[in-house]
Amino acid sequence: MDTDTALDSTFSALAHPARRAILARLAKGDATVNTLAEPLEMSLPAVSKHIRVLEKAGLITRGRDAQFRPCTLNTAPLETLVSWTDQYRHIWDARFDVMQGVLAAMKDANDD
């Protein structure tokens, strides 16, 4: 999978709050589908669909432990995403510095 396709897949997978919640839970350790579904207000088949999206994006893998198929977080796609966004960090930092100056000037104006 090339970098653009991988980024598209990762961003798409991260677009849904339930998938982000699943990844947040997996950041604490491996979990079964039932464990991942527990805090979500949706059916088990719906959770399974979200897990398939995450698996297709490479964000999780599913193993086999007896009759269980625990899910495991794979951070490699997230690391690719971080590398891609880091090339724009200097732009964001500069804009935030300008915004901080504007906000400080507004605060000073209001204090007078």
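**Helix packing and a buried cysteine in a predicted model**

Cys71 is buried, with a relative accessible area of 0%. Here buried means under 20% relative accessible area, exposed over 50% and partly exposed in between, for a 1.4 Å probe and protein chains only. Cys71 belongs to strand β2. Helices (H or I, at least four residues) and strands (E, at least two) are DSSP runs, numbered from the N terminus. Setting aside neighbours within four places in sequence, Cys71 contacts Leu26, Asp30, Ala31, Val33, Leu36, Ile51, Ile60, Thr61 and Arg62. Contact means heavy atoms within 4.5 Å. Asp30 lies 41 residues from Cys71 in sequence, yet their C-alpha atoms are 5.5 Å apart.

The model is predicted: local features need pLDDT of at least 70, side-chain atom pairs count only at pLDDT 80 or more, and totals for chains, interfaces and linings use all residues. Residues are numbered from 1 along each chain as its sequence is written, and side-chain values use heavy atoms, with hydrogens and water left out. The predictor's confidence in each residue, pLDDT, runs from 0 to 100. Its mean over the protein is 92, and 98% of residues reach 70 or more. Confidence is highest in helix α2 (residues 17–26), at a mean of 97. Helix α6 (residues 89–111) has the lowest, at 91.

Helix α4 (residues 44–56) has 13 residues and should span 18 Å at 1.5 Å a residue; its end C-alpha atoms are 18 Å apart, which agrees. The expected span is 1.5 Å times one less than the number of residues. Val47, His50, Ile51 and Leu54 of α4 are buried. These residues cover an arc of only 100° around the axis, which puts them on the same side of α4. The arc is that of the directions from the helix axis to the C-beta atoms. Pro45, Lys49 and Lys56 are exposed on the other side of α4. The cover over the buried residues of α4 includes α1 (3–14), α2, α3 (33–37), β1 (60–62) and β2 (71–73). Gly58 follows α4 and has a positive phi, near 80°.

The packing of α2 on α4 was examined next. Their axes are 10 Å apart, and the helices pack at an angle of about 75°. That makes α2 roughly perpendicular to α4. Ala18, Arg19, Ile22 and Leu23 form the α2 side of the contact; Val47, His50, Ile51, Val53 and Leu54 form the α4 side. Axes are lines fitted to C-alpha atoms, for helices over the stretch in contact, and angles run from 0 to 180 degrees between N-to-C directions. Angles under 35 degrees count as roughly parallel, over 145 as roughly antiparallel, 65 to 115 as roughly perpendicular and the rest as oblique.

His50 of α4 is buried, with a relative accessible area of 11%. Beyond its neighbours within four places in sequence, His50 contacts His16, Ala18, Arg19, Ile22 and Met42.

Helix α1 has 12 residues and should span 16 Å at 1.5 Å a residue; its end C-alpha atoms are 16 Å apart, which agrees. Ala6, Leu7, Ser9, Thr10, Ala13 and Leu14 of α1 are buried. Seen down the axis of α1, these residues fall within an arc of 165°, so they line one face of the helix. Asp4 and Asp8 are exposed on the other side of α1. The buried residues of α1 pack against α2, α4 and α5 (76–86).

The axes of α1 and α5 cross at roughly 105° and come within 10 Å. The two helices, α1 and α5, are therefore roughly perpendicular to each other. On α1, Thr3, Leu7, Thr10, Phe11 and Leu14 take part; they meet Pro77, Leu78, Thr80, Leu81 and Trp84 of α5.

The loop between β1 and β2 holds Gly63 and Arg64. Gly63 counts as partly exposed, at 29% relative accessibility. Arg64 is exposed, with a relative accessible area of 63%. Not counting residues up to four places away in sequence, Gly63 touches Phe68, Arg69 and Pro70. With neighbours within four places likewise left aside, Arg64 contacts Arg69 and Pro70. Gly63 is 31 residues from Thr32 in sequence and 9.8 Å from it in space, C-alpha to C-alpha. Arg64 and Asn110 are 46 residues apart along the chain, and 62 Å separates their C-alpha atoms.
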